[in-house]
Each structure stands twice: as structure tokens, then as C-alpha cells.
Amino acid sequence: MPIFKASSQFLFEIILSAALYMAFFYFNQAITAPLEDARGVNWIFLPAGIRIFITLILDYSGAIGLAIASLLINYIGFYEYDLSSTLGIAFICGIAPLLGRHFVIHNLKVQPDLSNISLRQLLVIIVAYSFLSSGLHQLWFVIMGLDSGSWNHFIAMFCGDTVGSILFVAVIKYGIDLVKGRLGRDNLIE
């Protein structure tokens with residue numbers, strides 16, 4: 001039975017990750033469409049923040065959920081790419097934040113449960129993730145000969161991931177502070 005419980009939790013985390021990312025992706029498309037530099041390259045990309053949080057909290061199951069969500073988004077028709085381009089984009093969507101997570105945990109001595117993470121470390125995670133994500137995406141776009149692959153689009157994607165992640169973190173922080181204030185607590189979990 002412990003294997004069944006662990007498997008069902010892993011599957012739940014994958015589904016939750018995929019659903020959250022898809023919801024944020026389409027929400028972002030609805031509110032930032034005028035800021036899109038090229039198809040899939042945004043100056044503000046709020047889902048970048050959810051990618052970081054999902055992989056920070058859920059690790060591999062989160063990365064798998066992100067990759068599946070990216071495949072579903074492409075299947076539904078956001079991008080009009082061939083299968084190999086789509087698979088590469090999905091892989092990068094899941095692996096970039098996971099690499100950022102492992103970079104920070106191993107190099108900045110952040111505990112795997114994130115209990116000792118500081119604001120500075122979170123900003124390093126955001127910058128490392130944004131660099132990895134935009135760099136790997138643009139490299140893939142260039143390799144596959146896609147229109148979105150260029151130095152200018154790298155800059156736009158890096159800025160979009162960074163700004164989107166910072167905005168996401170700020171909203172989460174404000175929400176936690178608001179809930180703590182309403183509950184009259186110093187800590188959210190007591």
C-alpha cells in the first residue's frame with residue numbers, strides 16, 4: 001500500500017502542476033498579448049513564476065507536469081510547430097526550472113525543503129532560471145530554424161521570465177502577509 005500511496009501522490013502532483021501551469025499560461029496570454037515580442041516570447045511572462053514555485057516545491061513531479069502542460073498547450077494549438085520542435089519546447093519547459101532548483105540547492109546551500117531560503121537566494125533562483133529558460137528556448141528555436149530564435153528574443157524572454165517571476169513572488173508574498181494579518185498571526189503555519 002505505501003507504493004500505491006506514493007504513486008498516487010506523485011500522479012496528483014503531476015496533474016496539479018500541469019493544471020496550474022496551463023491556467024497561468026492562458027491567463028498570461030489574455031492579459032499580456034500586446035506585450036508579446038514574438039509567438040511565445042513575452043516581455044512579461046507570469047507563468048515563469050509558477051514554474052519556479054512548482055519545481056521548488058514538487059521537484060521532479062512538478063517538472064514532469066510542466067512538460068506535459070507544455071505538450072498539451074502545443075497540442076491545443078498555441079504553437080504551430082512540428083512534433084520534434086514541440087517536444088523540445090516541452091522538455092525545456094520542465095528541465096530549465098528543475099536545473100535552476102538544483103543549481104541553487106547545491107551551490108547556495110538551500111535546504112531541499114526550502115526552510116532556509118532567503119529573499120536574496122530567491123532572486124538568484126529567478127535570475128538563474130530566467131537565464132536557463134530563455135537561453136535553452138532560444139538555442140532550441142535557432143537549432144530548429146524557428147522564427148522566435150534570436151538574440152533580441154532571448155533578451156525579451158529573459159526580461160519576461162524575470163519580471164513575471166518577480167511579480168508572481170510579490171503577489172504570493174502580499175497574499176501571505178494579508179492572510180497572516182487577517183488571522184492575527186506572525187506565521188502562516190503555526
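How many residues has helix H5, and how far does helix H5 reach from its first C-alpha to its last? The points below answer this and then turn to other parts of the chain.

1. Basis of the note. This is a predicted model, in which local features need pLDDT of at least 70 and side-chain atom pairs count only at pLDDT 80 or more, while totals for chains, interfaces and linings use all residues. Residues are numbered from 1 along each chain as its sequence is written, and side-chain values use heavy atoms, with hydrogens and water left out.

2. Helix H5. Helices (H or I, at least four residues) and strands (E, at least two) are DSSP runs, numbered from the N terminus. Helix H5, residues 119-143, has 25 residues and reaches 36 Å from its first C-alpha to its last. That is close to the 36 Å expected at 1.5 Å a residue, where the expected span is 1.5 Å times one less than the number of residues. Just after H5, Gly 145 has a positive phi of about 70°.

3. Buried side of H5. A residue is called buried under 20% relative accessible area, exposed over 50%, and partly exposed in between (1.4 Å probe, protein chains only). The buried residues of H5 include Gln 121, Leu 122, Ile 125, Ile 126, Tyr 129, His 137 and Phe 141. Their cover includes strand S2 (41-42), H2, H4 and H6.

4. Ile 166 in helix H6. Ile 166 belongs to helix H6, residues 151-183, and is partly exposed, with a relative accessible area of 40%. Leaving aside neighbours within four places in sequence, Ile 166 is in contact (heavy atoms within 4.5 Å) with Leu 123 and Ile 126. Ile 126 is also one of the buried residues of H5. Ile 166 and Ala 48 lie 118 residues apart in sequence, and their C-alpha atoms are 9.2 Å apart in space.

5. Helix H3. The 17 residues of H3 should span 24 Å at 1.5 Å a residue, and the end C-alpha atoms are 24 Å apart, which agrees. Among the buried residues of H3 are Ser 61, Gly 62, Ala 63, Gly 65, Leu 66 and Ala 67. The buried residues of H3 pack against H1, helix H2 (47-58) and helix H4 (83-107). Just after H3, Gly 77 takes a positive phi of about 120°.

6. Ala 67. Within helix H3, Ala 67 is buried, at a relative accessible area of 19%. Not counting residues up to four places away in sequence, Ala 67 touches Ala 90 and Gly 94.

7. Nonpolar surface patch. Which residues make the nonpolar patch of about 810 Å²? They are Phe 10, Tyr 26, Tyr 60, Ile 64, Ile 68, Leu 72, Tyr 75 and Ile 76. Patches are made of residues with over 30% relative accessible area and no salt bridge; like charges are joined within 9 Å, and nonpolar side chains (Val, Leu, Ile, Met, Phe, Trp, Tyr) within 5 Å. Accessible areas come from the Shrake-Rupley method with a 1.4 Å probe, and for residues only the protein chains shown count as cover. Helix H1 (2-32) and helix H3 (60-76) each supply at least two residues, and the largest share, six residues, comes from H3. Tyr 26 is found in H1 and counts as partly exposed, at 31% relative accessibility.

8. Salt bridge. The whole structure holds one salt bridge, defined as a side-chain nitrogen of Lys or Arg within 4 Å of a carboxyl oxygen of Asp or Glu. The side chains of Arg 101 and Asp 59 form this pair, at 3.6 Å from N to O. The pair links distant parts of the chain, with Arg 101 in helix H4 and Asp 59 in the loop between H2 and H3, 42 residues apart. Both Arg 101 and Asp 59 are buried, the latter at 18% relative accessibility. Asp 59 also has a positive phi, near 55°, in a residue other than glycine.

9. Cysteines. The structure has zero disulfides, a disulfide being a pair of cysteine sulfur atoms within 2.5 Å. Cys 93 is buried, with a relative accessible area of 1%, whereas Cys 159 is partly exposed, at 28%.
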